[in-house]
Amino acid sequence: MPSVDSVRVAARVRAFNQTEKDAGCGCIISMALNSITIWNPRNRSDTKTFTFDLAYWSHSGFIKNEQGILVPDGPTSKYADQRMVFDDLGQELLSNAWQGYNTTLLAYGQTGSGKSYSMIGYGKNRGIIPLICDELFKAIKEEQERDKQYQIYFSMLEIYNEKVIDLLSKSKQSGGLRVRESSQRGFYVEDMKSVPCENYEQIEQLMKEGTRKRSTTSTNVNMTSSRSHMIITVQFKQVFLKEHRTKQSNINLVDLAGSERQKSSGSEGDRLREGTAINLSLTTLGNVISALAEIAMGKKMLYVPYRNSTLTKLLQPALGGNSKTLMIATVSPADICYEETLSTLRYAERTKNIQNKAMINENPTERLIQELKAENTKLRLKISKIRNSGQMVEEEMAELRRLLAENEVQMLEIQTSWEQRLEKAQKEWKHQYSNLMQEQLMIQLFPYLSNVNVDPQLSAFVRHFIQHGECVVGQSGSFPRAIIIKGLGIADKHAIITNQDSKVTLEPHGQARVILNGVLVRTKVQLRHLDRLILGSNSTYLYVGYPCERNDEELSRYDYDFFQSELAAVEGFDRDALGHNRSVDPSVLAVFQDYIRVKPMVAEANQISRELNKDLSFELEVKNLALTDSRGSDLAKEVIVKVTNKVTDQIWFWSKAKFVNRKFIMEDVYQRFVDGENISVDRESDPFWDPIEAVHLGTAYVWLQSLNYCIALEEHVEFHNSQGKEEATLQMNLVPCNPSGQTLGEEEVLIDPTELVGHRLDFQVQITQCLGIKWLKRNIKRGIQILYHALNHPYAFHSDPVWNSVNARIDHMMQFTVKCVSQELLNYLQNHALVLQLWGLQEGCIEMVFPGDFEITDEGSIIIDYSDERSQLPRSSGSGEVRDDQLSELYIKLSKLEQETDLLRDINGTLRKDNVSLKATIKKMMNDASRPGEKSFQQMNAHLLCWRSTSKVSCEVDFAKALKTFYKSINRVQSQLLELRCHQPPEDDDVESLRIHLHKQTQGIKDFGDHLESCINALKNDVSVIVKKKKGEHCKTR
């Protein structure tokens, strides 16, 4: 009877990695017994709790002992080390295997979450796979009996982009191995190498060989190893000689590809979202798990999509079939990984519901041979019938013969004795052992290049030894002494390495790309211990010097991210470039991580484009690096890729998700090119082609507070691009007007904005011209349009397109009306800017048009229905901090200026109260006056009121003029501040350029401070004169 069991799921929380420690990341996970709680770093009240069969806290509470093994730091520590995880999961797998059940362990999680560490381990901290194999042989040694025989076979596969690669086979596997299906075996891999093993040391060596091949293959075919699945199968057979009985178990140990969540490329509008199979396996696995979970909940499912991917075909017994299955889900506790961690926990929770029906596999070999013989008899009978009928069905005959031959091969393989297979394997062991000893000797004698892979498990497996004399580094092996390195951008003769007098030098050949410690080198350089080398597009190696140069340093710290971070820093991009003192901001660190991960992919895409003559160049940028929203807060940053056609000068901007998707398709095309296949495709299927589109060039800001005082604003503002560089200068006006469109005069300027509340507000946006447009300086055949949003209106407004003019005449005017001004609107105008976007048009692209009809007034003005609920414009969570201490002081000055303005407004209110008091006093005097003097007093009062009315109008006009002058000046101050924030240092490291940049920055800060102080003093003086004048007139009145 089959044993019905649910899939058992464990979750493991890893420690912070070095990058997360350096960034000061916060922990967003807590654990109680087998429950894990995760909270949103942006809203700590948003929590979710998941319960699993087992949960392991490996985040904190550990130390490294003398043997280099991570262990709990005390008796009260809840740290789960490698041994504890094995004692639970590994021992359960072994127990199932001894009973004769098939058993499977799946490792699931995002790249870098500790998946491979849990499965394989690192250094002295062995993972589940090596511990299972070691413990299995120890148990066999203890259980050894005369009438029992134990047979162990080991196989190691990799699935990448739906292709199966045998990591133990030395033969070339063009297109990968075939996955076949038979009624006896289900899905299986044809011609897979399964090696008999007598001890753990042999399995350990096989794993090293397989990992070395995996590492080499990932470089040679440009494979992203984190997107591949690895399946190790240990076939454990127990033969009971006296009873003529066998038990057989397949122990499947599966390290799944990284499960990181990305925006679907489909949501980015990519027409080729289905063009790559790179994510098909994980997607299908999720669909299979969901379908099986539905079935376990009692729902009827007509179809479980096992056949939709190579991975799910091979895992069919483990998911709902004949296997006892466990899953370990590994997660990062860092706040920057919140979305990925939450997704992993949800995925694992769904898997708990799957039910399997495992059976003890007794005498499987004999049964399989009988089934194969029976099938062969049927096949021969079919062939005989076809021959006797006289029909010429060549295709059917060929297929029947193929199946017959395949079954014969399987039977021959099954019937081959254990001893015969072992004898054959022994010859290979001797050869491998000889190579291993030779490599160990070379390590003690010579310096070498050690590979560094994006997957730490694949690093340090390839070593190129540098012996005495001169050798050529490159793709070709035709030189007398050569270090053969395959990979994108590697020339046949790429560089020359010379080892002479215990000094090692490297000289690039011709224009070959060689990066040393992040710096491009063109001449001969001496290599020093632990130098970092990048050859071609992205072949990364660590130089390990002579034994006398080596210390006990931890080489693992020079990982893939270290190489890419160093390269980015030399090019002027690091976390500080995303915002000073913001290293603890999870979103900033996430962008930096994306940048250093996508950067090498961009280099590879450029190389593929060159080799395929596609005339495209790819450049990595950070969107919104120096841009803000309408409040001045930083916009959310993200990595984008600028794509340029070098022939037509056309430009596109791709999101990270779209670029990564296209990059995988480019790899497929390139591999077919390398294999000599035809790579021509129609335009719609070409990953290098996209329709022409408008390009966002830059953003300008015009502050709206002048509308609060009904003051017309004439502005010259600069458009700055994402990197903070100036793209053009805009001339525009923001003009308060009456309903018919006439500009308000100075006498209609308001001193107190609250007087607008409850009244109608009309204003015009007038854009006159755009000057010095760099987009057109680079190519005069282009055009521009300017787009903006008016307050909270649902539609964007834009100017008409202008083509072929560096200094474009725009002449755009649009009038807007707010029917009833609210206090919320006044607050919005006081603190927000009108954000104008400059868009570049290219020949063949679609110009922007208005999306629909607008609600308008009788005069033709566009109505803005402003309310507090609709005024919540999108805004970033950034704090808007600046990077320079001096700029922070200037912000303080601006705050003081706002306080002084409020004080002046209070003074004005006090004077108004005095006027009211004066009115009451005069009225009382009139009532109490005696008759004889009544006529003269009335004459005096009339004269006084007439004089006072003239005085009030005169003072308010003076105050309005002063405010108008002040707001024109302060708007320029705000523009200067924005320019300072956007001012970026030069990209090169030239000291003179840095000195000039520093001088300009210092002068800009000084000019800003002087201008700000001048504005404040001018306003103080103007208001002082008005107040003195009014007080003097008040005294005369009394």
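View 1. The model shown is predicted. Buried positions in helix 6 are S281, L282, T284, L285, G286, V288, I289, A291, L292 and A293. In an α-helix, residues three or four places apart point the same way, because each turn takes 3.6 residues.

**View 2. Length and end of helix 6.** Helix 6 covers residues 280-296, and its 17 residues should span 24 Å at 1.5 Å a residue. The C-alpha atoms at its ends are 24 Å apart, which agrees with that expectation. After helix 6 comes G298, with a positive phi near 95°.

View 3. Strands in the order 3-4-5 form an open sheet with antiparallel pairing. Strand 3 (29-32) and strand 5 (43-51) are at the edges; each has a single partner strand, so one side of each lacks a neighbour in the sheet. On average, neighbouring strands of this sheet are turned by 25° against each other, direction ignored.

**View 4. Pairing of strand 3 with strand 4.** Four bridges join strand 3 to strand 4 (residues 35-40) in the antiparallel sense. A32 has S35, in strand 4, as its bridge partner. Pairing between strands of a sheet runs through backbone hydrogen bonds.

**View 5. Helix 8 across the sheet strands.** Helix 8 (residues 338-351) lies across strand 3, strand 4 and strand 5. Its direction is at about 30° to strand 5.

How values were computed
Residues are numbered from 1 along each chain as its sequence is written. This is a predicted model: local features need pLDDT of at least 70, side-chain atom pairs count only at pLDDT 80 or more; totals for chains, interfaces and linings use all residues. Side-chain values use heavy atoms; hydrogens and water are left out. Two strands pair if DSSP finds at least two bridges between them. Helices (H or I, at least four residues) and strands (E, at least two) are DSSP runs, numbered from the N terminus. Axes are lines fitted to C-alpha atoms, for helices over the stretch in contact, and angles run from 0 to 180 degrees between N-to-C directions. Contact means heavy atoms within 4.5 Å. The expected span of a helix is 1.5 Å times one less than its number of residues. Buried means under 20% relative accessible area, exposed over 50%, partly exposed in between (1.4 Å probe, protein chains only).
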